[in-house]
Amino acid sequence: MSIFNSKKLLLFLSLLLFIALTSGNTHIHHTFRGRGGDVVERGVVMTMDTRRSLADENLQNSSLILAKERTRRKDPLDDFHKYTGGWNISNDHYWASVAWTAVPFFLIAGLWFVIFGLSLTLICFCYCCCPREPYGYSRTAYALSLIFLIFFTVAAIVGCIVLYTGQAKFHSSTTKTLDYVVSQADTTIENLRNLSGYLGAAKRIGVDSVFLPSDVQSNIDTTITKLNSAATKLSNTTEKNSNRIDNGLDRVRIALIVLAAVMLCLAFLGFLFSILGMQACVYFLVIIGWILVASTFIKCGVFLLLHNVVADACVSMDEWVQHPTAHTALDDLLPCVDNATAQETSSRTKDTTYKLVSMVDKVINNVSNLNNPPPQLGPLYFNQSGPLLPVLCNPYNADLSDRKCARGEAELQNATQVWKSYVCEVNTAGICITPGRLTPIFYGQMEAAVNVSYGLYRYGPFLVDLQDCTFVRDTFTDISNRNCPGLRKHSSWIYIGLVMVSVAVMLSLIFWVIYARERRHRVYTKQFMAGGGGAGGFQVQDKGA
């Protein structure tokens, strides 16, 4: 039995968490409603090289381009023609087109780094090599530079607050998504091991020394081995990947917190040093800010790219949920089912349930419901008497098709309660001394057989539903409804916060230099006038900066 793929789904979900993973294994799981309204957990593990098994060949051949309109972007790998392939993380053209949306920020970062760097170099060259005394200042330039300096400093502070709040919300959203994925994996592992346990118990079940046929027991052993292997691999991979993603999320959070704190300190100290006239400190912060602003613009582009990928993925999930049987880009990442595995496990479970119930009914008909058996029958005789014991309802026919219970049959879910009234009291030899059709020992054996049969029967919907996409559709619906809105909103907060901080600090740097120049001119002018320079006819000129 092949193993249902796990890592590729986590790769897909990792896009929602902004952590890219390589190949491996993960899980898909969701709850399902069992027979009779019982809520049963269901999960599945799939192989990457399997494809969905579809009942309708026409639907299998149909195709759907996911998020087609949203992903119509210029593709630099295709001479900047519009990309029309939809959401497809296996397509280089998709990544090129979505990366193109971040190019403006990368371009701004490059231009800022080059132009402002050249400007700083020119200013330093003029200041060092061509010194000249300031002879006046512009009142308008001085006032405007101070106003804009205050405004952009406040804007930088607000941007840092938005960035910090956004990263906190984003971390919470991604952590909840990760917790959901891990909890689904844990429950899937539990389901696989429970199913394995039920099959193992079924192999050991015996009623009045009657056991399952040896060929059935051999088949059960094979299935148990494969189920345990799948559960173990899924458990190891889930733990490994969840730790990797959790560490990645922590690193992203720390990086954003540090960035917000550094930019906040930079904006505040730059404003303070400018007001106090500490020119050396101002120019030192200008050099640091020059590099930090360029790196922050690059981060803006990266987060814009990832924000678009997350939004594309969420739209794709919404569309796939509406058309789960269409051929999409998700097929290569998330085949709905490994049909051979599903058929084998489902068939083995049904066959085991059928054989167990048949074994119990055989004992009921041939032993418990014997009337006045002679004591010479040995183990078959325990003085059974009284009303006949209802036979156990077999949920399947001999061909393993579903079967409805006949009147008078005890159903799996309440058979043990029905049979309890047929238990007699026994003497030390195990012979009934009161009317009844079951001894306590027989009842205990039949109760164990019924419990195992019912446990396997409850997994029927889980195993049968592997042949359609219900479990994937439910999982995607949960993620889309519960996690996608928060991921999209809070990733946009980070993006907006980064833009605000980048632009505000960039403009603050410029006005630090302008204000420092105007303040220096103003101080020199006042000193010159106080020293009597004004008597010679010098007048303060209200000119441009």
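**Disulfides and helix contacts**

Author: The torsion about the S-S bond of Cys314 and Cys484 is about -90°, so this disulfide is left-handed. Please keep in mind that the model is predicted.

Reader: Where in the chain are Cys314 and Cys484?
Author: Cys314 belongs to helix 7 and Cys484 to helix 12, so far as the elements are concerned; the pair links distant parts of the chain, 170 residues apart. The S to S distance of this disulfide is 2.0 Å.

Reader: Are Cys314 and Cys484 buried or exposed?
Author: Both Cys314 and Cys484 are buried.

Reader: How many disulfides does the structure hold?
Author: There are 3 disulfides in the structure. Another of them is formed by Cys393 and Cys405, with sulfur atoms 1.9 Å apart. Cys393 and Cys405 both lie in the loop between helix 8 (339-368) and helix 9 (415-420), 12 residues apart.

Reader: And which hand does the disulfide of Cys393 and Cys405 have?
Author: The disulfide of Cys393 and Cys405 is left-handed, because the torsion about its S-S bond is about -95°.

Reader: Why does Cys393 count as buried?
Author: Cys393 counts as buried because its relative accessibility is 2%, and the cut-off for buried is under 20%.

Reader: What about Cys424 and Cys432?
Author: Cys424 and Cys432 also form a disulfide, and their sulfur atoms are 1.9 Å apart. The torsion about this S-S bond is about -55°, so the disulfide is left-handed. Cys424 is buried, with a relative accessible area of 3%, and Cys432 is buried, with a relative accessible area of 3%.

Reader: A change of topic, please. How do helix 6 and helix 7 cross?
Author: The axes of helix 6 (residues 214-276) and helix 7 come within 10 Å and cross at roughly 145°. The crossing is left-handed.

Reader: Which residues of helix 6 and helix 7 meet there?
Author: On the helix 6 side they include Val252, Leu256, Leu259 and Phe273. On the helix 7 side they include Cys281, Leu285, Leu292 and Phe303. By class, this contact of helix 6 with helix 7 has 14 nonpolar, 4 polar and 1 charged residues. Cys281 counts as partly exposed, at 28% relative accessibility.

Reader: Several of those numbers are three or four apart. Why would such residues point the same way?
Author: An α-helix has 3.6 residues a turn, so residues three or four places apart point the same way.

Reader: And how do helix 5 and helix 10 cross?
Author: The axes of helix 5 (residues 139-204) and helix 10 (residues 440-458) come within 9 Å and cross at roughly 145°. This crossing of helix 5 and helix 10 is left-handed. Leu195, Tyr198, Leu199, Ala201 and Ala202 of helix 5 make the contact with Asn451, Val452, Gly455 and Leu456 of helix 10. By class, the contact has 7 nonpolar, 2 polar and no charged residues.

Reader: Now to helix 3. Which of its residues are buried?
Author: The buried residues of helix 3 (residues 92-100) are Tyr94, Ala96, Ser97 and Val98. They pack against strand 3 (74-75) and helix 7 (279-322).

Reader: What caps the N-terminal end of helix 3?
Author: Asn91 is the cap: one of its side-chain oxygens lies 2.8 Å from the backbone nitrogen of His93.

Reader: Could you say more about Ser97: what is it in contact with?
Author: Leaving aside neighbours within four places in sequence, Ser97 is in contact with Arg73, Lys74, Asp75, Pro76 and Tyr83. Ser97 has 0% relative accessibility and so counts as buried. From C-alpha to C-alpha, Ser97 and Lys82 are 8.3 Å apart in space, and they are 15 residues apart in sequence.

Key: Residues numbered from 1 in each chain as written. Predicted model: local features only at pLDDT ≥ 70, side-chain atom pairs only at ≥ 80, totals over all residues. Heavy atoms only, no water. Axes fitted to C-alpha atoms, helices over the stretch in contact; angles between N-to-C directions. Helix = DSSP H or I, 4+ residues; strand = E, 2+ residues; numbered from the N terminus. Left-handed = near helix turned anticlockwise from the far one by under 90°. Contact = heavy atoms within 4.5 Å. Nonpolar A, V, L, I, M, F, W, Y, C, P; charged D, E, K, R; others polar. Buried < 20%, exposed > 50% of the residue type's maximum accessible area, 1.4 Å probe, protein only. Polar contact = N/O pair within 3.5 Å; in protein donor to acceptor, adjacent residues only side chain to side chain. Disulfide = S-S within 2.5 Å.
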